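Dear colleague,

I am handing over the structure below, and my notes on it follow directly after. Please read them with the model open beside you.

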Amino acid sequence: KAHPDVIRTLEAGYRDLVLSDSKSLLKKYLTKEVFDKLKIKKTSFGSTLMDCVQSGFANHDSGIGVYAADPECYHLFADLFDPLINEYHGGFKKSDQHPPMDFGDLNAFGNLDPKGEYVVSTRIRCCRSIEGYPFNPNLTEAQYCEIENKMMDIFSTFPCELSGSYFPLKGMTKEVQNQLIDDHFLFKEGDRFLQTANACRYWPAGRGIFHNADKTFLVWVNEEDHLRIISLQQGGDLGQVYNRFVSAVEEMQKKLTFMRDKRFGYLTFCPTNLGTTIRASVHIKVPKLSANMKRFEELAGQYNLQVRGTRGEHSQAEGGIYDVSNKRRLGLTEFQSIKEMYEGIQEIIKLEKMAK
Ligand code: ADP
Ligand code: CIR
């Protein structure tokens with residue numbers, strides 16, 4: 001059972017959220033009834049409802065506002081997670097199960113923009129949690145370092161195009177770090193949504209980035225998830241980005257066991273990343289369509305796409321460059337999630353060409 005002090009803190013935070021004008025899914029789905037049922041519960045890791053909702057309590061401008069403090073939370077606090085997951089992923093009922101992993105036809109995707117008029121760069125990432133370790137809020141400093149050491153051993157075995165070097169955040173100069181962030185290779189520092197979720201403890205211990213010589217294959221270690229596997233290159237050749245992505249994931253799968261749930265597929269810290277965990281994005285310039293942001297976001301929504309700023313989530317567009325990616329990751333296969341982005345971006349480019 002949750003400690004009375006925790007319940008008191010929960011009640012104060014809940015009261016503030018209810019009175020706020022927050023548009024978060026947390027506010028929408030943490031009804032009084034659900035709150036009263038869940039506020040007393042505790043997982044075997046010791047996580048309470050507070051550990052899952054504190055980011056959304058502290059940041060009323062959250063889109064979602066919830067993280068799973070440990071893998072059990074998805075089940076123990078299902079009355080909150082289920083409806084929120086259903087809405088974010090565009091329909092995933094209590095009785096639904098995520099399909100098995102399926103990368104499909106690796107030759108199905110071509111270049112989205114062969115003349116290079118619209119697409120600046122293309123990226124696919126997925127998230128992985130390593131079996132045997134809890135999520136961020138429950139990781140000890142020793143475990144952060146243990147994961148990093150384990151990964152350094154594995155990185156040194158990557159073949160051919162995937163081979164490269166690991167750069168720990170600890171000891172990295174600010175110049176190098178900022179350059180990697182500005183070039184869109186490295187995660188940012190000081191994300192308040194993650195900090196208030198207790199996901200940045202002992203920073204920068206155990207955090208870092210691996211990349212190959214061309215910086216087209218990257219792995220983030222211990223940021224929001226244990227691992228983020230990334231394939232990225234300039235231009236619109238989604239086929240090439242996808243092929244590299246699949247070979248990287250398959251290579252890592254040979255050496256690590258990842259947390260996978262019968263119902264939710266690959267398990268992640270944030271419920272928006274469950275399932276395939278895939279976010280396939282382009283950095284794209286569509287000045288006519290993006291002149292009206294509200295309409296542009298609605299249009300993207302019609303293709304199940306999400307618009308972000310140039311520096312990713314919670315950032316602004318710079319130089320008219322938007323990040324457009326698939327929104328759903330759960331309840332469809334890996335192949336389908338990429339296809340959704342591929343076809344949606346083709347339509348968006350077609351509409352930009354036609355727009356006055
Ligand atoms: P994530 O994609 O891992 O969920 P973010 O939205 O914070 O997290 O994005 C991470 C970084 O990836 C940011 O620097 C962002 O600009 C960069 N990025 C995303 N998509 C692309 C793309 N298509 N081309 C280049 N950089 C990209
Ligand atoms: C928020 O709720 O805004 C942050 N905790 C980030 C949630 C992830 N958002 C997303 O669309 N993938």
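An oxygen atom of ligand 2 lies 3.4 Å from an N or O atom in the side chain of His 314, a polar contact in the sense used here, that is, a pair of N or O atoms within 3.5 Å, where pairs within protein also need one atom able to donate a hydrogen and the other able to accept it, and residues adjacent in sequence count only if both atoms are side-chain atoms. Taken alone, ligand 2 exposes 340 Å², of which the protein buries 93% (areas by the Shrake-Rupley method with a 1.4 Å probe; for residues, only the protein chains shown count as cover).

Please bear in mind that this is a predicted model, in which local features need pLDDT of at least 70 and side-chain atom pairs count only at pLDDT 80 or more, while totals for chains, interfaces and linings use all residues. Residues are numbered from 1 along each chain as its sequence is written, chains are lettered from A and ligands numbered from 1 in the order in which they are written, and side-chain values use heavy atoms, with hydrogens and water left out.

To continue with ligand 2, 14 residues surround it, the closest being Gly 63, Ile 64, Gly 65, Tyr 67 and Glu 313 (a residue is near a molecule or strand if one of its heavy atoms lies within 4 Å of it). A backbone N or O atom of Gly 63 is 2.8 Å from an oxygen atom of the ligand, and an N or O atom in the side chain of Arg 308 is 3.2 Å from a nitrogen atom of ligand 2. The shell draws at least three residues from each of domain 1 (4–88) and domain 2 (119–354), with bounds that come from an automatic or database domain assignment.

A polar side-chain atom of Arg 308 lies 2.7 Å from an oxygen atom of ligand 1, a polar side-chain atom of Arg 279 lies 2.8 Å from an oxygen atom of ligand 1, and a polar backbone atom of His 283 is 3.2 Å from a nitrogen atom of ligand 1. Taken alone, ligand 1 exposes 550 Å², and the protein buries 94% of that.

Helix α11 (residues 293–302) has Phe 296, Leu 299 and Ala 300 as its buried residues (buried means under 20% relative accessible area, exposed over 50%, partly exposed in between, with a 1.4 Å probe and protein chains only). Seen down the axis of α11, these fall within an arc of 100°, so they line one face of the helix, the arc being that of the directions from the helix axis to the C-beta atoms. The face turned away from that side carries the exposed residues Lys 294, Arg 295 and Gln 302.

Methods: Helix = DSSP H or I, 4+ residues; strand = E, 2+ residues; numbered from the N terminus.
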